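Q: Hey, I'm new to this one. Can you walk me through it?

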Amino acid sequence: MKDSVIFYFSGTGNSLQVAKDIADGLGDTELINLGDFDFDSEITAKRIGIVAPVYCWGPPVIIARFAEKMQVNGDAYIYQVATYGGIPGAALKMVKQQLNQRNITLNAAYKIQMPGNYIVGYGARNEKSQLKSFAKEKASVAKITYEIKSDSTNLKAANVNPIGTALFVKIYKKLMTDVHNQDKNFNINSDCTGCGICEKSCPVHNISIEDKKPVWHHNCELCVSCIQHCPKEAINFNDKTQNRKRYVNKNV
Ligand SMILES: Cc1cc2nc3c(=O)[nH]c(=O)nc-3n(C[C@H](O)[C@H](O)[C@H](O)COP(=O)(O)O)c2cc1C
(Lines give C-alpha, C1' and ligand atoms only; values in the text may rest on other atoms or scores of the structure.)
Protein backbone atom coordinates (compact mmCIF):
# COMPACT_ATOMS: atom_id res chain seq x y z
CA MET A 1 0.00 0.00 0.00
CA LYS A 2 1.27 3.48 -0.86
CA ASP A 3 1.75 6.20 1.79
CA SER A 4 -1.15 8.11 0.28
CA VAL A 5 -4.38 6.24 -0.49
CA ILE A 6 -7.92 7.21 -1.36
CA PHE A 7 -10.74 4.81 -0.60
CA TYR A 8 -13.63 5.64 -2.86
CA PHE A 9 -17.16 4.48 -3.44
CA SER A 10 -18.95 5.58 -6.60
CA GLY A 11 -22.05 4.48 -8.47
CA THR A 12 -22.11 6.84 -11.46
CA GLY A 13 -18.58 8.26 -11.46
CA ASN A 14 -18.85 11.62 -9.65
CA SER A 15 -16.94 10.47 -6.59
CA LEU A 16 -14.50 8.54 -8.77
CA GLN A 17 -13.81 11.72 -10.73
CA VAL A 18 -13.15 13.66 -7.53
CA ALA A 19 -10.97 10.84 -6.14
CA LYS A 20 -8.93 10.69 -9.37
CA ASP A 21 -8.51 14.45 -9.56
CA ILE A 22 -7.35 14.66 -5.94
CA ALA A 23 -4.96 11.73 -6.52
CA ASP A 24 -3.55 13.52 -9.59
CA GLY A 25 -3.09 16.71 -7.56
CA LEU A 26 -1.38 14.91 -4.69
CA GLY A 27 0.72 12.60 -6.85
CA ASP A 28 1.77 9.05 -5.94
CA THR A 29 -1.64 8.18 -4.50
CA GLU A 30 -3.31 4.77 -4.71
CA LEU A 31 -7.04 4.59 -5.48
CA ILE A 32 -8.94 1.73 -3.84
CA ASN A 33 -12.57 0.90 -4.54
CA LEU A 34 -14.13 0.13 -1.15
CA GLY A 35 -16.13 -2.64 -2.80
CA ASP A 36 -12.84 -4.49 -3.36
CA PHE A 37 -11.31 -3.85 0.06
CA ASP A 38 -11.19 -6.20 3.06
CA PHE A 39 -12.19 -3.91 5.96
CA ASP A 40 -10.29 -6.09 8.47
CA SER A 41 -6.93 -5.48 6.83
CA GLU A 42 -4.58 -2.90 8.29
CA ILE A 43 -4.25 0.41 6.49
CA THR A 44 -0.60 1.39 6.62
CA ALA A 45 -0.89 4.64 4.64
CA LYS A 46 0.01 7.92 6.33
CA ARG A 47 -2.50 9.99 4.33
CA ILE A 48 -5.96 8.46 3.94
CA GLY A 49 -8.83 9.87 1.91
CA ILE A 50 -12.44 8.70 1.86
CA VAL A 51 -14.40 9.92 -1.16
CA ALA A 52 -18.06 8.97 -1.57
CA PRO A 53 -21.52 10.31 -2.39
CA VAL A 54 -24.19 11.46 0.04
CA TYR A 55 -27.17 9.11 0.35
CA CYS A 56 -30.36 10.28 2.07
CA TRP A 57 -28.50 13.10 3.83
CA GLY A 58 -26.00 10.66 5.33
CA PRO A 59 -23.16 8.43 4.13
CA PRO A 60 -23.74 5.29 2.05
CA VAL A 61 -23.99 2.27 4.35
CA ILE A 62 -20.66 0.93 3.05
CA ILE A 63 -18.98 4.17 4.21
CA ALA A 64 -20.61 4.00 7.65
CA ARG A 65 -19.41 0.38 7.97
CA PHE A 66 -15.90 1.37 6.85
CA ALA A 67 -15.79 4.12 9.49
CA GLU A 68 -16.80 1.53 12.10
CA LYS A 69 -14.13 -0.95 11.10
CA MET A 70 -11.18 0.75 9.41
CA GLN A 71 -7.85 -0.23 10.96
CA VAL A 72 -5.55 2.77 10.83
CA ASN A 73 -2.21 3.86 12.14
CA GLY A 74 -2.75 6.42 14.96
CA ASP A 75 -0.74 9.17 13.24
CA ALA A 76 -2.48 8.99 9.87
CA TYR A 77 -3.90 12.18 8.37
CA ILE A 78 -7.50 11.40 7.39
CA TYR A 79 -9.79 13.45 5.17
CA GLN A 80 -13.23 12.85 3.73
CA VAL A 81 -14.86 14.31 0.62
CA ALA A 82 -18.60 13.94 0.05
CA THR A 83 -20.09 14.51 -3.40
CA TYR A 84 -23.75 15.47 -3.40
CA GLY A 85 -26.52 16.62 -5.69
CA GLY A 86 -28.42 19.16 -3.62
CA ILE A 87 -28.26 18.92 0.19
CA PRO A 88 -25.35 17.08 1.84
CA GLY A 89 -27.05 16.86 5.26
CA ALA A 90 -25.09 15.03 7.95
CA ALA A 91 -22.94 12.73 5.77
CA LEU A 92 -19.63 14.24 6.88
CA LYS A 93 -20.70 14.82 10.47
CA MET A 94 -21.80 11.22 10.92
CA VAL A 95 -18.48 9.78 9.73
CA LYS A 96 -16.56 12.26 11.88
CA GLN A 97 -18.55 11.16 14.94
CA GLN A 98 -18.13 7.48 14.15
CA LEU A 99 -14.36 7.89 13.88
CA ASN A 100 -14.18 10.04 17.01
CA GLN A 101 -16.00 7.34 18.98
CA ARG A 102 -13.12 5.04 18.05
CA ASN A 103 -10.51 7.67 18.99
CA ILE A 104 -9.66 8.23 15.35
CA THR A 105 -9.39 11.85 14.25
CA LEU A 106 -10.93 13.05 11.02
CA ASN A 107 -8.64 15.95 10.10
CA ALA A 108 -10.54 17.47 7.22
CA ALA A 109 -13.96 17.22 5.59
CA TYR A 110 -15.06 18.65 2.27
CA LYS A 111 -18.19 18.64 0.13
CA ILE A 112 -18.40 19.05 -3.63
CA GLN A 113 -21.68 19.54 -5.47
CA MET A 114 -21.97 17.34 -8.56
CA PRO A 115 -24.84 16.36 -10.86
CA GLY A 116 -27.51 14.52 -8.85
CA ASN A 117 -27.90 10.86 -9.81
CA TYR A 118 -30.87 9.73 -7.67
CA ILE A 119 -32.97 8.49 -10.58
CA VAL A 120 -35.57 7.03 -8.20
CA GLY A 121 -36.45 10.66 -7.44
CA TYR A 122 -35.49 12.61 -10.59
CA GLY A 123 -33.89 12.30 -14.03
CA ALA A 124 -30.49 13.57 -15.17
CA ARG A 125 -29.87 17.30 -15.14
CA ASN A 126 -29.35 18.99 -18.51
CA GLU A 127 -25.90 19.06 -20.11
CA LYS A 128 -25.32 22.77 -19.37
CA SER A 129 -25.91 22.36 -15.66
CA GLN A 130 -23.68 19.25 -15.61
CA LEU A 131 -20.83 21.18 -17.28
CA LYS A 132 -21.21 23.98 -14.73
CA SER A 133 -20.81 21.46 -11.89
CA PHE A 134 -17.73 19.92 -13.50
CA ALA A 135 -16.07 23.34 -13.88
CA LYS A 136 -16.71 24.10 -10.19
CA GLU A 137 -15.38 20.66 -9.24
CA LYS A 138 -11.99 21.51 -10.76
CA ALA A 139 -11.72 24.68 -8.66
CA SER A 140 -12.83 22.91 -5.46
CA VAL A 141 -10.41 20.03 -5.98
CA ALA A 142 -7.49 22.44 -6.49
CA LYS A 143 -8.28 24.12 -3.15
CA ILE A 144 -8.83 20.83 -1.33
CA THR A 145 -5.65 19.27 -2.70
CA TYR A 146 -3.63 22.28 -1.57
CA GLU A 147 -5.00 21.91 1.97
CA ILE A 148 -4.47 18.14 2.08
CA LYS A 149 -0.86 18.56 0.93
CA SER A 150 -0.21 20.77 3.94
CA ASP A 151 -2.05 18.38 6.32
CA SER A 152 -4.53 21.14 7.21
CA THR A 153 -7.29 20.76 9.72
CA ASN A 154 -10.58 21.93 8.26
CA LEU A 155 -13.85 20.51 9.53
CA LYS A 156 -16.16 23.38 8.61
CA ALA A 157 -18.07 21.26 6.10
CA ALA A 158 -18.93 18.73 8.81
CA ASN A 159 -21.06 21.36 10.58
CA VAL A 160 -24.71 20.81 9.76
CA ASN A 161 -27.54 23.33 9.79
CA PRO A 162 -30.88 22.40 11.43
CA ILE A 163 -32.49 21.44 8.09
CA GLY A 164 -29.66 19.04 7.25
CA THR A 165 -29.88 17.46 10.70
CA ALA A 166 -33.67 17.13 10.56
CA LEU A 167 -33.58 15.45 7.14
CA PHE A 168 -30.93 13.04 8.33
CA VAL A 169 -32.67 12.14 11.58
CA LYS A 170 -36.09 11.71 10.00
CA ILE A 171 -35.21 9.91 6.78
CA TYR A 172 -31.74 8.33 6.75
CA LYS A 173 -32.36 5.45 9.15
CA LYS A 174 -35.77 4.70 7.69
CA LEU A 175 -34.48 4.43 4.13
CA MET A 176 -30.98 3.08 4.62
CA THR A 177 -31.51 0.40 7.31
CA ASP A 178 -32.61 -2.24 4.80
CA VAL A 179 -30.58 -0.87 1.91
CA HIS A 180 -29.00 -4.20 0.94
CA ASN A 181 -32.44 -5.52 -0.03
CA GLN A 182 -33.39 -2.48 -2.11
CA ASP A 183 -32.41 -4.48 -5.19
CA LYS A 184 -35.71 -6.36 -4.76
CA ASN A 185 -37.24 -3.24 -6.32
CA PHE A 186 -35.24 -3.61 -9.55
CA ASN A 187 -36.81 -5.14 -12.63
CA ILE A 188 -35.70 -5.72 -16.20
CA ASN A 189 -37.76 -5.41 -19.34
CA SER A 190 -37.56 -7.31 -22.62
CA ASP A 191 -34.89 -4.91 -24.00
CA CYS A 192 -32.27 -6.53 -21.76
CA THR A 193 -29.68 -8.34 -23.91
CA GLY A 194 -27.71 -9.85 -21.02
CA CYS A 195 -24.66 -7.77 -22.07
CA GLY A 196 -23.27 -7.78 -18.50
CA ILE A 197 -22.52 -4.04 -18.24
CA CYS A 198 -24.61 -3.87 -15.06
CA GLU A 199 -22.53 -6.68 -13.56
CA LYS A 200 -19.25 -4.99 -14.48
CA SER A 201 -20.29 -1.54 -13.29
CA CYS A 202 -21.67 -2.59 -9.88
CA PRO A 203 -19.07 -1.27 -7.39
CA VAL A 204 -19.92 -3.92 -4.78
CA HIS A 205 -20.18 -6.93 -7.14
CA ASN A 206 -23.82 -7.51 -6.27
CA ILE A 207 -24.88 -8.66 -9.75
CA SER A 208 -24.22 -11.81 -11.73
CA ILE A 209 -25.53 -12.72 -15.18
CA GLU A 210 -27.45 -15.97 -15.16
CA ASP A 211 -29.29 -17.31 -18.23
CA LYS A 212 -28.37 -14.01 -19.95
CA LYS A 213 -30.17 -11.90 -17.35
CA PRO A 214 -28.92 -9.94 -14.31
CA VAL A 215 -29.51 -11.43 -10.87
CA TRP A 216 -29.10 -9.20 -7.79
CA HIS A 217 -27.72 -10.79 -4.63
CA HIS A 218 -29.08 -8.49 -1.91
CA ASN A 219 -25.86 -6.75 -1.06
CA CYS A 220 -27.08 -3.57 -2.75
CA GLU A 221 -25.91 -0.07 -1.73
CA LEU A 222 -28.59 1.61 -3.88
CA CYS A 223 -25.93 3.40 -5.92
CA VAL A 224 -28.21 2.96 -8.98
CA SER A 225 -25.20 2.21 -11.17
CA CYS A 226 -26.99 -0.72 -12.83
CA ILE A 227 -29.98 1.45 -13.79
CA GLN A 228 -27.80 4.30 -15.01
CA HIS A 229 -25.26 2.27 -16.99
CA CYS A 230 -27.65 -0.07 -18.82
CA PRO A 231 -27.23 0.82 -22.54
CA LYS A 232 -30.78 -0.32 -23.27
CA GLU A 233 -32.33 1.44 -20.25
CA ALA A 234 -33.84 -1.95 -19.50
CA ILE A 235 -33.35 -1.83 -15.72
CA ASN A 236 -35.84 0.08 -13.61
CA PHE A 237 -36.76 0.69 -9.98
CA ASN A 238 -40.37 -0.45 -9.62
CA ASP A 239 -42.35 1.85 -11.94
CA LYS A 240 -40.48 5.03 -10.98
CA THR A 241 -37.66 5.33 -13.50
CA GLN A 242 -39.04 4.24 -16.90
CA ASN A 243 -39.27 7.72 -18.37
CA ARG A 244 -36.34 9.35 -16.64
CA LYS A 245 -33.14 10.46 -18.35
CA ARG A 246 -30.13 8.38 -17.28
CA TYR A 247 -26.95 9.91 -15.82
CA VAL A 248 -23.38 8.67 -15.97
CA ASN A 249 -20.35 10.89 -15.39
CA LYS A 250 -18.53 10.77 -18.73
CA ASN A 251 -15.28 12.25 -17.38
CA VAL A 252 -14.21 8.90 -15.94
C1 LIG B 1 -29.67 6.51 -2.99
C2 LIG B 1 -29.21 7.92 -3.25
C3 LIG B 1 -29.48 8.91 -2.32
C4 LIG B 1 -29.05 10.22 -2.53
N5 LIG B 1 -29.28 11.15 -1.56
C6 LIG B 1 -28.79 12.40 -1.69
C7 LIG B 1 -28.98 13.36 -0.66
O8 LIG B 1 -29.54 13.09 0.40
N9 LIG B 1 -28.52 14.61 -0.86
C10 LIG B 1 -27.87 14.98 -2.01
O11 LIG B 1 -27.47 16.13 -2.13
N12 LIG B 1 -27.65 14.08 -3.00
C13 LIG B 1 -28.10 12.79 -2.87
N14 LIG B 1 -27.87 11.87 -3.86
C15 LIG B 1 -27.09 12.27 -5.07
C16 LIG B 1 -25.62 11.85 -5.00
O17 LIG B 1 -25.09 12.07 -3.71
C18 LIG B 1 -24.74 12.58 -6.01
O19 LIG B 1 -25.28 12.62 -7.26
C20 LIG B 1 -23.35 11.95 -6.03
O21 LIG B 1 -22.43 12.86 -6.59
C22 LIG B 1 -23.29 10.65 -6.81
O23 LIG B 1 -21.98 10.13 -6.73
P24 LIG B 1 -21.45 8.94 -7.62
O25 LIG B 1 -21.58 9.38 -9.08
O26 LIG B 1 -20.01 8.82 -7.24
O27 LIG B 1 -22.24 7.74 -7.34
C28 LIG B 1 -28.31 10.56 -3.71
C29 LIG B 1 -28.07 9.56 -4.65
C30 LIG B 1 -28.51 8.25 -4.44
C31 LIG B 1 -28.19 7.20 -5.47
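Q: In strand E4, which residue is the bridge partner of Ile-6?
A: That's Gly-49. E1 and strand E4 (residues 47-53) pair in the parallel sense, over five bridges. Pairing here requires at least two DSSP bridges between the strands. Helices (H or I, at least four residues) and strands (E, at least two) are DSSP runs, numbered from the N terminus.

Q: Before we go on, what kind of model is this, and how are residues numbered?
A: This is a predicted model: local features need pLDDT of at least 70, side-chain atom pairs count only at pLDDT 80 or more, and totals for chains, interfaces and linings use all residues. Residue numbers start from 1 along each chain, as its sequence is written.

Q: Ok, back to E1. How many of its residues are buried?
A: Five of the five residues in E1 (residues 4-8) are buried. Buried means 20 or more other C-beta atoms within 10 Å of the residue's own, exposed means 12 or fewer, and partly exposed is in between, with C-beta atoms placed from the backbone.

Q: And which of them point which way?
A: Ser-4, Ile-6 and Tyr-8 point one way from E1, while Val-5 and Phe-7 point the other way. In a regular strand, side chains alternate between the two faces of the sheet.

Q: Where does the chain go from E1?
A: From E1 the chain crosses through helix H1 (residues 14-26) to E2, and this β-α-β crossover is right-handed. That term means that, with the strands pointing away from the viewer, the path from the first strand over the helix to the second runs clockwise. E1 and E2 (residues 29-33) also pair in the parallel sense, over five bridges, and Val-5 has Glu-30 as its bridge partner in E2.

Q: New topic: the ligand. Which residues are closest?
A: Ser-10, Gly-11, Asn-14, Ser-15 and Pro-53 are the closest of the 27 residues that surround the ligand. A residue counts as near if its C-beta atom, placed from the backbone, lies within 6 Å. H1 and strand E6 (77-84) are the elements that give two or more residues to that shell, and H1 has the largest share, three residues.

Q: Why does the ligand lie between the domains?
A: Because domain 1 (4-175) and domain 2 (179-237) both give residues to the shell around the ligand. Those bounds come from an automatic or database domain assignment.

Q: How many residues are in contact across the two domains?
A: In domain 1, 13 residues are in contact with twelve residues of domain 2. Contact means C-beta atoms, placed from the backbone, within 7 Å. The side of domain 1 that touches domain 2 has seven nonpolar, six polar and no charged residues.

Q: And H2, what do its buried residues pack against?
A: They pack against E1, E4, H3 and helix H5 (162-176). Val-61, Ile-62, Ile-63, Phe-66 and Ala-67 are the buried ones in H2.

Notes:
Nonpolar A, V, L, I, M, F, W, Y, C, P; charged D, E, K, R; others polar.
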